[in-house]
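User: Could you walk me through reading a metal site and its surroundings in a model like this one?
Analyst: Happy to; let's look at it together.

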Amino acid sequence: MSQSPYHLGFTTLNAETSTEQLPVRGTVPVWLTGTLVRNGPARFEVGDQKYNHWFDGLAMLHKFAFAAGRVSYANRYLRSHAYEEAMAKGRISRGEFATDPCRSLFQWVASWFSPKVTDNSSVNIAQWADAVVALTESRLAVRFDPDTLATLGRYEYDRQLKGPLASAHPHFDAARRCHYNYMLEFGRKSKYRFFSIDQETGRQSEVATIPVETPAYVHSFGMTERYLILSEFPLVVNPLRLRFSGKPFIRNYKWEPDRGVRFHVVEKESGRLVCTARSTAFFAFHHVNAFEDGDDIVVDIVAHPDSAIIDQLYLDRLRSSEPVTAMGKLTRFRIGAWGTEDNVSGERLLEAAIELPRFDYRRRAGRSYRYVYGVGNAVPGDFIDNLVKMDVEQGTVSTWREEGCYPGEPVFVARPQALHEDDGVILSVVLDTRKGASFLLILDASTFSELARADAPHHIPYGIHGIFLAQAIRSAS
Ligand SMILES: [Fe+2]
């Protein structure tokens, strides 16, 4: 089968580089000061073994630092235990999302139910207390220096908070000065466990536990000013099957649409389960934003009709010319906070495809908001081939697209003293398959038109998520 035009984004990048000043076309706003740090899989084989799925590859960090209209770049592999063991042994060492390196059942069991759970933190980046951490969906994260990208060591959630899995999408509550996340503890009685992390001290505290017999795969959750929302999609696992099947992690999960979706609403302050609402089945990786509207809780989610998107992100398929057809849509759910068995239905806000959604998190998280930015799809059957800006109030979509170019997650950075919600820039790492290299694209978030692009010295494998740090600017100064 012929290769997809976008397969380069799923090709290993060996080089670790540092460039003081990238060539820039256009004008980088002089107010843009800080560092975009991005995370994603960048090595897809070890020795003669291959990872199966996009989410499995070994984590690489990429840094674009901005100062005085200039852009610097550096990239380094995260020296996780999973990486170091793989490099030392010449074979895949830890069980990942859809790759099982162990031939021995007992070794595999050990990998998800012991300290050997993977720390290949390739999904996201967070900053709390004095730590900047790379995250994956395990309880192990990895600290790194955002200036040098040097790995500093392991970060593990408090051992009193039990469970091998944690979300790679913690939320930050600016009013309470704490982060929220959830863990999943497998067992005869499994438990979802919300907990908080104090922004100043890093101290972790349990907020609430929700018992569950058949846990769901839940990649992110929602947060309003007063509530946390855990959306249980009907992609579920029998914990005993997970422990003893010998299959890679995600292949133990079954799509059971008759279960529908359950939205568990937890009050932050008391830890009380306020209500559980239900809807018909859908699947999602990403909650966008959520907010309170009178007595209602509004939850915006990038909804997929089912979990087919997971299967379409296996590397063999992505590298072939088989089309990626499973695309998400921005969908709004309205939950009456005081009903115990409320049935809710989603309202499609816009028809255009969207994934990897971002918004002005710093000022709008948990509050009503207007603009969502994401990656999308313009040519049917193509991969992510455009950037989209959705105006939730007006129901309109703006797009950016260029032939042969495949953009990554768009990160919004507000202009200092911004006057409007979209007063700022969008930063996106774009793979230009015509040149076989990537560039950092800067769009005016308001007009969605290009301001500048900075050429990276090589291709950058498709990233997943990233963070903009306003202070870490050493190498661009
Ligand atoms: Fe994600």
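This is a predicted model: local features need pLDDT of at least 70, side-chain atom pairs count only at pLDDT 80 or more; totals for chains, interfaces and linings use all residues.

Analyst: Around the iron ion, the four donor atoms subtend angles of 92 to 155 degrees, so the arrangement is irregular. Residues are numbered from 1 along each chain as its sequence is written, and side-chain values use heavy atoms, without hydrogens and water.

User: Which residues are the protein donors of the iron ion?
Analyst: Donors are N, O and S atoms within 2.8 Å of the metal (3.2 Å for Na, K and Ca); water is not among the atoms, so sites may look incomplete. Here they are His169, His219, His286 and His465, each through NE2, lying 2.1 Å from the iron ion. Their spacing along the chain is H-x49-H-x66-H-x178-H.

User: Are His169 and His219 buried or exposed?
Analyst: Buried means under 20% relative accessible area, exposed over 50%, and partly exposed in between (1.4 Å probe, protein chains only). Both His169 and His219 are buried.

User: What does the side chain of Asp300 make a polar contact with?
Analyst: A polar contact is a pair of N or O atoms within 3.5 Å; within protein, one must be able to donate a hydrogen and the other to accept it, and residues adjacent in sequence count only if both atoms are side-chain atoms. For Asp300, the partner is the side chain of Arg332, at 2.8 Å. Asp300 counts as buried because its relative accessibility is 0%.

Terms used:
Four donors count as tetrahedral if all angles lie between 85 and 135 degrees; four count as square planar and six as octahedral if opposite donors are over 155 degrees apart and all others between 65 and 115; anything else is irregular.
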